[in-house]
Every structure is written in C-alpha cells, then in structure tokens.
Amino acid sequence: MAKVGMREWIAAGRAIAAGDLLRYGSHSNFTNRFEQRLSALVGAKHALTVNGGTSALICALAAAGIGPGDEVLVPAYTWMATAAAPVAVGAVPILVDIDESLTLDPSDLESKITPYTRAIIPVHMLNLPCDMDAIMAIAKKHNLLVIEDACQAVGVKYKDRYCGAIGDAGAFSFNKYKNINIGEGGALVTSDDRLFARARNYHDLGSLVRDQEATFNEPAFVGVNMRATEIEGAMLNVQLSKLQPMLNRWRKRRAIMADTLSRSKAFKVSPHNDPKNAVSLTIIFDNESDAEAFAQKHGLIRVFDTSKHIYTNWEPILCQRTFHSKMNPWDWAKRPIEYHEDMCAKTLDILKRSCRVNLAARYPTFAACIKAERMVA
Ligand SMILES: Cc1ncc(COP(=O)(O)O)c(C=O)c1O
C-alpha cells in the first residue's frame, strides 16, 4: 500500500483552488495529464481514469462487447470483483485453478475453454505477474480476448512489458491497499482505438457530450457513470511519481530476502513468473499445518486466510444470485453452469500451503535481513 501525505494534500488543494472539479472542460487538466503519464509508463496507447478497479474491469468487458451467452475465464484466487465483473455485463465467470505462482495455471486454463468462451481475465495477484507468454499463446490459439486484472500490480513488469498493457486491455485499482493509493479509483489501459472509444462511451453514460464525439465513429450506446474527478486526477499525479521509487525499493528487498529464504529446508520460495523483476515474495510449504504454524510464529499472512479473495467465499457468485431474477446471466448461458466448493481443489491446497512475506520496505535493509535470517533459523 502506498502512503498518502502532504504532497497529495497540496495537490488536492490545488484542484479545489482551480475551481473546476469535473474533469471534462476543466482547464487544469490534472486527470488528462495523469492518463498521458500512465499510458506512457505502461506502454499503452490510451488510459481512461474511472472510479475504481471493478469499474475498469466492467468498462473493459463492456467495451470489448462481452455479454449474455459469453463465458469469461477467471482465476479461483482473486478479489471477488474479477468474477463479478463478467456478471455485470451479462456474461458468466468460469473458474480456473492457479498454480504455485498464485496466478492462473495455463494448463487448467486451456482445459476450461468451451465454444462459448470469449475472454480470459488473468489476475496479477499480490504484485505477482501471471505467465503471460503462455496465456497470450492460448488466447491467440483460441481467438480469445485478454483483459488483464492488474488491480494489484500497478507498475509491475512482466519480462520487458508492464502488467495491464500486454493483453487487449488492462484494469488498475487505486484503492487504499494498492500501489497507487487515492482511497478509491481505477483506470483502464488499452492500445486498441475502438475499445478505448467504446470504453469512453460506456464510462460516461453514452451521452457523447464533452469531447467524446471526436473519437467515436459508431452510434452511442447506453453506459453508466464511472467518471473520475479532478481531485482524484491531481492526487494520482503525485502517487504516480512515487510509484517507481517504491517498486525499486521492493525489488531490491525481494532479491535480498529471497536469497536468504531459499536456504530454508522447511519451505521453498514460491515460483515466480519473472524473478528478475519480482517485487513481492511468497513461500510455500509441503503441508498446510506447517504453513499455518509458521505464519503464526513469524506474523505472516497465510494466503488461504484472506476472505473474499478465495472462490469458496464468493457466496453471491456460487449461488448465482443477482439483484433481479430476470437479470441473471446464468439463465442466459449457453450451457448449465454449476459451481461447488471443491471445484478448484488444487487452488485451495496451494493457498493453504502458501504464506506472503512482508518485505519490510519501510525499515532499513538490515531489518529485512534479520527478519529473513530468523525465518530460516
Ligand atoms: C485483484 C483485484 N481485482 C479487482 C479489484 C477491484 O478494485 P476496486 O476495489 O478499486 O474496485 C481489486 C481490489 O481490491 C483487486 O484486488
């Protein structure tokens, strides 16, 4: 989680002093500037600031034309938003196991593809990038869209590219737990001109007012309001400047701690899909009771103990319950879809054996070294 302080306070004050908090038509251009900087950083042609990561996912799916009858592949370990987003556009989520990297298992992914699959949402959980080479190859082979959920991995690299800018579109969250933190917020990035134009249409009701007509060559369609304010735009610019230094610190810490922890015989450092760029660290035990005891002793979080991040706790999804019985995407699916608690047993087993290691990045390096040494002692 990134810290918010005096610089964000001043930035918010500047936006208020400018007197025009609606981003469209504002002369201060805080949000426009943030979008230019974000898209330049991640290497996407476009960025659109919205009011949350969930909104960014829904907006990307709507813009991509995903809807009733479509199946969207999502990991069984992610914040529930990833599985709820397809439902919001009328599609259904199909759950896929993770592997020991805590991200989508490419082999299970391929086995879950049906004639109705339209898209994959790989999730870069805990700043851990997915195996995007394998996922993009599967998507290409089966002609599927890839909408990356990079809500927990803003600024994280996978090989020479940034998470979120590898697939057809990417979603970022800027809520208080994320690498960029303004309390609540999000953004969508894409290099696809049409997807971007449709996303702009969707995030602002389809009103096609403001300056949106210029980029839209098709009839407007009904959307919702996901707009961001200039206060958010101003704070986001400050947070964006802090992102790389923070991730660099994490990367150095991760390398030092992984090196020490790899000496342990009690556990192993979990496999990572791009160790050179790694900014977060998890370890995995042979059995769940060892993981539980170790987590308790060293004050770590066992990944299984993180509530709605695990599919077995997604009650509204598992029960296929929506706000209105006639607006239920599972009724529109082209085949019966059923969920049950042990459908992704491999995921549950891995989560029960995995612990997240805090990199202690706010403390001097020696504190992190001592912590790692204690864990292998
Ligand atoms: C993996 C993942 N996807 C989506 C979201 C949704 O983001 P937001 O809370 O900004 O709507 C989150 C946020 O916690 C998340 O962790």
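These legends walk through close-up views of one predicted model.

View 1

**View 1. The pairing of β1 with β9.** Zoom in on β1 and strand β9 (residues 186–190), which run antiparallel and are joined by 5 bridges. As a quick reminder, strands of a sheet pair through backbone hydrogen bonds, either parallel or antiparallel.

**View 2. Helices α3 and α4 side by side.** Staying with α4, we now bring in α3, whose axis comes within 9 Å of that of α4 and crosses it at roughly 40°. The two helices are therefore oblique to each other, and α3 passes α4 in a right-handed crossing. On the α3 side, the contact is made by Gly 53, Thr 54, Leu 57, Ile 58 and Leu 61. From α4 come Ala 81, Thr 82, Ala 84, Ala 85, Pro 86 and Ala 88. By class, the contact of α3 with α4 divides into 8 nonpolar, 3 polar and no charged residues.

**View 3. The shell around the ligand.** The ligand is surrounded by 14 residues, the closest being Gly 52, Gly 53, Thr 54, Trp 79 and Ser 173. Which elements give two or more residues to this shell? They are α3 (53–63) and α4. The shell has 9 polar residues, 4 nonpolar and 1 charged.

**View 4. Helices α8 and α13.** Finally, helix α8 (residues 230–261) packs with helix α13 (residues 365–376) at an angle of about 25°, with the axes 9 Å apart. That angle makes α8 roughly parallel to α13, and the crossing of α8 past α13 is right-handed. In α8, look for Arg 253, Ile 256, Met 257, Thr 260 and Leu 261; the residues they meet in α13 include Thr 365, Ala 368, Glu 373 and Val 376. The contact of α8 with α13 has 8 nonpolar, 2 polar and 2 charged residues.

Methods:
Residues numbered from 1 in each chain as written. Predicted model: local features only at pLDDT ≥ 70, side-chain atom pairs only at ≥ 80, totals over all residues. Pairing = 2+ DSSP bridges. Helix = DSSP H or I, 4+ residues; strand = E, 2+ residues; numbered from the N terminus. Near = placed C-beta within 6 Å. Nonpolar A, V, L, I, M, F, W, Y, C, P; charged D, E, K, R; others polar. Axes fitted to C-alpha atoms, helices over the stretch in contact; angles between N-to-C directions. Parallel < 35°, antiparallel > 145°, perpendicular 65-115°, else oblique. Left-handed = near helix turned anticlockwise from the far one by under 90°. Contact = placed C-beta atoms within 7 Å.
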